[in-house]
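Subject: A structure for you to explore

Hi there,

Here is the structure I promised to pass on. Have a look around it first, and then read my notes below.

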Amino acid sequence: MIRLYDTRAKKKVDFQPREPGKVSLYVCGVTVYDLCHVGHARTAVSFDVIVRHLRNRGFDVRFVRNITDVDDKIIRKSLTEGRPALEVAQSYAEAMAEDWKNLGLAPPDVEPRATQHIADMIDVIRRLEERGLAYAAGGDVYYSVAGFPGYGGLSGQSPEELLTGARIEVGEHKRSPLDFALWKAAKPGEPQWDSPWGPGRPGWHIECSAMSHRYLGDAFDIHGGGSDLIFPHHENEIAQSEGAFGSFARYWMHSGMLNFGGEKMSKSLGNVVTIRRVAETHDLEALRLLLISVHYRSPANFSIARDADGNPLYPDLDEAEARLDYFYRTLERLDAFVATLSSPPSPPPSDLARHFIEAMDNDFNTAAAIGHLYDAFILANKLLDDPKVAPKAERQATLTALARDARMAGDTLGIMRRPPADFLNDRRARLCQR
Ligand SMILES: [Zn+2]
């Protein structure tokens with residue numbers, strides 16, 4: 001039985017999919033207005049590992065991850081780059097696809113783009129209007145939060161608490177400060193589409209309600225995203241989808257944030273580390289290992305140091321790469337040992353396999369799972385170093401099982417999937433260049 005932490009229930013619960021053996025999952029993707037950084041990588045890798053584990057446990061997973069390709073940030077970027085917003089989005093979506101491939105992310109089953117689902121969004125907004133949950137004002141359309149009593153349930157805030165400090169900005173036509181835009185009236189130079197309320201573009205939140213409904217229907221199993229999306233984005237998605245269709249996601253999962261030596265990553269602090277920057281000096285598999293060395297819900301740190309010339313150094317990444325080097329060297333030794341056996345045994349699952357699966361079934365605890373992998377490799381090296389540590393047959397069976405089960409673990413974590421020599425040669429070459 002898999003247990004997971006449900007943000008809405010605020011506790012760990014048994015995972016019971018709607019249909020036995022099947023999992024439907026929607027994860028909020030990136031707003032493509034710049035190159036992806038290591039913070040984006042953390043969310044993406046967290047859910048990649050969750051999907052991999054569910055699949056390895058035999059679930060038939062349908063995984064939908066959207067691309068937000070129309071948004072205020074993209075429009076602002078198009079002004080600074082001097083090219084149309086849709087062109088900006090397209091080029092950063094292509095860059096993201098390349099980064100995700102290099103990070104070894106399994107592609108989602110569906111990767112819908114917001115601009116290809118405007119009609120779906122208009123449908124959801126019309127439904128909300130019919131149900132008295134949306135109103136048009138000044139060419140915009142707003143969600144009427146007062147009509148949805150469950151508002152605030154995901155983030156654990158009451159509407160009264162939320163109202164404190166909320167205000168209506170100049171130019172907005174809301175009735176209440178908590179109301180949010182479903183549709184925004186067209187402004188000159190911005191991407192726009194025709195709608196029953198006049199030309200305009202969708203609000204960000206409605207995009208996910210429309211796309212998740214299109215591909216997963218009225219109800220599905222898991223909705224995921226970074227914890228920074230809990231409020232307001234996911235709270236608003238719930239209000240929209242449950243308001244329009246009566247049901248929505250059964251479980252809510254959120255990955256923790258990535259901190260940078262105690263600082264928030266920002267361009268002004270000069271500590272934005274893009275995935276491409278990491279790839280210049282490190283193996284991206286090491287970035288993946290670093291990101292999953294911490295449980296997906298815990299905050300993780302990415303430290304940045306400086307050399308004498310002020311160039312950035314990434315000590316955590318160096319350490320992760322050294323650890324991966326140890327993993328691959330051990331795998332290489334295990335393979336060489338198994339190759340010497342004239343009739344390799346087929347041993348039952350090792351302690352590694354059992355402990356690894358137990359850790360992953362317990363809310364996808366990759367930190368504990370990697371600990372078990374490490375222990376198993378220490379044991380493997382001990383057995384390889386000294387044949388006298390165990391009787392011959394037992395030693396052969398244990399080493400054969402470890403070679404096999406370490407790969408099962410690597411498959412779930414998305415690491416150790418290359419022939420060891422490939423990784424080790426790449427790393428040697430890279431260390432010479434540094
Ligand atoms: Zn979303």
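What follows is a short tour of what I found, from the whole chain down to single residues.

**The whole chain**

Please keep in mind that this is a predicted model. The protein chain has 14 helices and 14 strands. Its C-alpha atoms fill a box of roughly 80 × 55 × 35 Å along the principal axes. For 434 residues, a compact globule would have a radius of gyration near 22 Å, and the 24 Å of the protein chain agrees with that. Of the 434 residues, 51% count as buried.

**The zinc ion**

Which residues hold the zinc ion? It is coordinated by Cys28 through SG, Cys208 through SG, His233 through NE2 and Glu237 through OE, at 2.0 to 2.4 Å. Along the chain, these donors follow the spacing C-x179-C-x24-H-x3-E. The angles among the four donor atoms run from 76 to 125°, and the site is irregular.

His233 and Glu237 are four residues apart in helix α7 (residues 230–245), so about one helical turn separates them. Both His233 and Glu237 are buried.

**Helix α7**

While you are there, stay with α7 for a moment. Is this helix largely enclosed or open? Because 13 of its 16 residues are buried, α7 is largely enclosed by the rest of the structure. Pro232 also sits in α7, and the peptide bond that leads from Phe231 to Pro232 is cis, with omega near 0°. After the helix comes Gly246, which has a positive phi near 85°.

**Empty space inside**

Rolling a probe the size of a water molecule over the atoms shows where empty space is left. How many cavities of 30 Å³ or more does a search of the whole structure find? The search finds two.

The largest cavity has a volume of about 60 Å³. Its lining is made up of Ser46, Val49, Ile50, Leu291, Ile292, Val294, Tyr296, Phe364 and Thr366. By class, that lining has seven nonpolar residues, two polar ones and no charged ones. Helices α1 (38–56) and α9 (284–292) each supply at least two of the lining residues, and α1 gives the most, with three.

The second largest cavity holds about 30 Å³ of space. The residues around it are Ser209, Ser212, His213, Gly217, Asp218, Ser241, Phe245, Ser247 and Phe248. Here the lining divides into two nonpolar, six polar and one charged. You will meet α7 again at this spot: α6 (204–216) and α7 each supply at least two lining residues. The most come from α6, with three.

Next, turn to the second largest pocket, which has a volume of about 250 Å³. It is lined by 15 residues, and those closest to its centre are Asp351, Leu352, Leu379, Thr398 and Leu402. The elements that give two or more residues to this lining are α11 (351–361), α12 (366–385) and α13 (392–413). Which of them gives the most? That is α12, with five residues. Sorted by class, the lining of this pocket has seven nonpolar, four polar and four charged residues.

- Asp363 lies in the loop between α11 and α12. Its phi is positive, about 55°, although it is not a glycine. Asp363 is buried, with a relative accessible area of 0%.
- Met416 is in the loop between α13 and α14 (420–433). Its phi is also positive, at about 55°, although it is not a glycine. With a relative accessible area of 3%, Met416 is buried.
- Pro199 belongs to the loop between β7 (180–185) and β8 (200–202). Pro199 and Lys187 are 12 residues apart in sequence, and their C-alpha atoms are 9.0 Å apart in space.

Enjoy exploring, and write back with any questions.

Best wishes

How values were computed:
Residues numbered from 1 in each chain as written. Predicted model: local features only at pLDDT ≥ 70, side-chain atom pairs only at ≥ 80, totals over all residues. Heavy atoms only, no water. 1 Å grid on protein atoms, 1.4 Å probe; cavity = no way out; pocket = protein on both sides within 12 Å on 5 of 7 lines; lining within 4 Å. Points joined across faces, edges and corners; volume = space filled by probe spheres on them. Nonpolar A, V, L, I, M, F, W, Y, C, P; charged D, E, K, R; others polar. Donors = N, O, S within 2.8 Å, 3.2 Å for Na, K, Ca; no water. Tetrahedral: all angles 85-135°; square planar, octahedral: opposite > 155°, others 65-115°. Buried < 20%, exposed > 50% of the residue type's maximum accessible area, 1.4 Å probe, protein only. Rg over C-alpha atoms; globule rule 2.2 N^0.38 Å.
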